[in-house]
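My plan is to start with the overall fold and then go into the details.

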Amino acid sequence: MKILKIATGAVVALALLLALGGLLLSPKFSVTRTVQIQAPAEKVYALVANPRQWKQWSVWNQRDPAMHIEYSGPESGVGAAWAWKSASEGDGKMSFTAAEPARLLAYDLYFPDFGTTSKGELRMKPSGQGTEVVWSMDGDMGANPLFRWLALFSDRMVGPDFEAGLARLKTLAEKG
């Protein structure tokens, strides 16, 4: 019986530590990755400004080929949007909020499971014989102390997905 009390006390203490510790953490996070692509910015832009093209290079679509996707709004650029439902990748919606051909695509990303919206962008600029692409995302996990722990580790969790997506984007854009 004494061991049960100690174990229960340890679990309660750990839960309190996680909750209180989470309240001390910042809810904000930022993820940024860069790639050099040997293709013109116009070609890269065409692959990112149309939500239907993300299927070809986004790592999330590759991990769940059964992902249910619905597109809305214009074909590309400002107002183009897509929503998905996925058993392994979660549910979400991305809406393009700013578009400057061959320079910038900005988006809002909403995850209903967390009740959070993040803002992201893909910036393209000429570099040497190609294009430098910078993919960044900033978000706020809100008041939930457990979600704040996710914010703390977001770069390590999402960064590799950005890297893999950019590598796939590079391969596609550099094809003849």
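Below are my notes, entry by entry.

**Entry: ground rules**

I am working with a predicted model, where local features need pLDDT of at least 70, side-chain atom pairs count only at pLDDT 80 or more, and totals for chains, interfaces and linings use all residues. Residues are numbered from 1 along each chain as its sequence is written, and side-chain values use heavy atoms, with hydrogens and water left out.

**Entry: the overall fold**

I looked up the secondary structure and found 6 helices and 7 strands. Helices here are DSSP runs of H or I with at least four residues, strands are runs of E with at least two, and both are numbered from the N terminus. Going along the sequence, I read the order as α-β-α-α-α-β-β-β-β-β-β-α-α. The C-alpha atoms fill a box of roughly 70 × 35 × 25 Å along the principal axes.

Next I checked burial. Of the 176 residues, 39% are buried; that term means under 20% relative accessible area, exposed means over 50%, and partly exposed is in between (1.4 Å probe, protein chains only). The protein exposes about 9700 Å², and 62% of that comes from carbon and sulfur atoms. These areas come from the Shrake-Rupley method with a 1.4 Å probe, and for residues only the protein chains shown count as cover.

I also looked at contacts, meaning heavy atoms within 4.5 Å. Among contacts with a separation of 6 or more, 53% are between residues 24 or more positions apart.

**Entry: the largest pocket**

I noted a volume of about 630 Å³ for the largest pocket. Its lining has 31 residues, and the closest to the centre are Trp-60, Glu-89, Phe-111, Phe-114 and Val-158. A pocket is found on a 1 Å grid over the protein atoms alone, as an open set of points where a 1.4 Å probe fits, with protein on both sides within 12 Å along at least five of seven lines; lining residues have an atom within 4 Å of a point. Grid points are joined across faces, edges and corners, and the volume is the space filled by probe spheres set on the points.

Which element gives the most to this lining? I found that helix H6 does, with 5 residues. Elements with at least two lining residues each include helix H4 (59-63), strand S3 (81-85), strand S6 (116-127) and helix H6 (154-174).

**Entry: salt bridges**

I counted 10 salt bridges in the structure, each being a side-chain nitrogen of Lys or Arg within 4 Å of a carboxyl oxygen of Asp or Glu.

I followed Arg-33 in particular. Asp-155 pairs with Arg-33, with the closest N and O atoms 3.0 Å apart. That pair joins distant parts of the chain, with Asp-155 in helix H6 and Arg-33 in strand S1 (residues 28-37), 122 residues apart. Arg-33 also meets Glu-163 in a salt bridge, at 2.7 Å from N to O. Here too the pair links strand S1 to helix H6, and the partners are 130 residues apart. I wrote the three down as a network: Arg-33, Asp-155 and Glu-163.

Is Arg-33 buried or exposed? Arg-33 counts as buried because its relative accessible area is 16%. Asp-155 is partly exposed at 31%, and Glu-163 is partly exposed at 43%.

Elsewhere, I found Glu-100 and Arg-103 bridged at 3.3 Å from N to O.

Most residues other than glycine have a negative phi. Ala-102 lies in the loop between strand S4 (92-100) and strand S5, and it is buried, at 13% relative accessible area.

**Entry: Gly-142**

I found Gly-142 in the loop between strand S7 (130-140) and helix H5. Leaving aside neighbours within four places in sequence, Gly-142 is in contact with Pro-27 and Arg-148. Gly-142 and Phe-114 are 28 residues apart in sequence, and their C-alpha atoms are 9.0 Å apart.

**Entry: a nonpolar patch**

Leu-152, Phe-153 and Met-157 make a nonpolar surface patch of about 260 Å². Patches take residues with over 30% relative accessible area and no salt bridge; like charges are joined within 9 Å, and nonpolar side chains (Val, Leu, Ile, Met, Phe, Trp, Tyr) within 5 Å. Leu-152 is in helix H5 (residues 145-152), and it counts as partly exposed because its relative accessibility is 43%.
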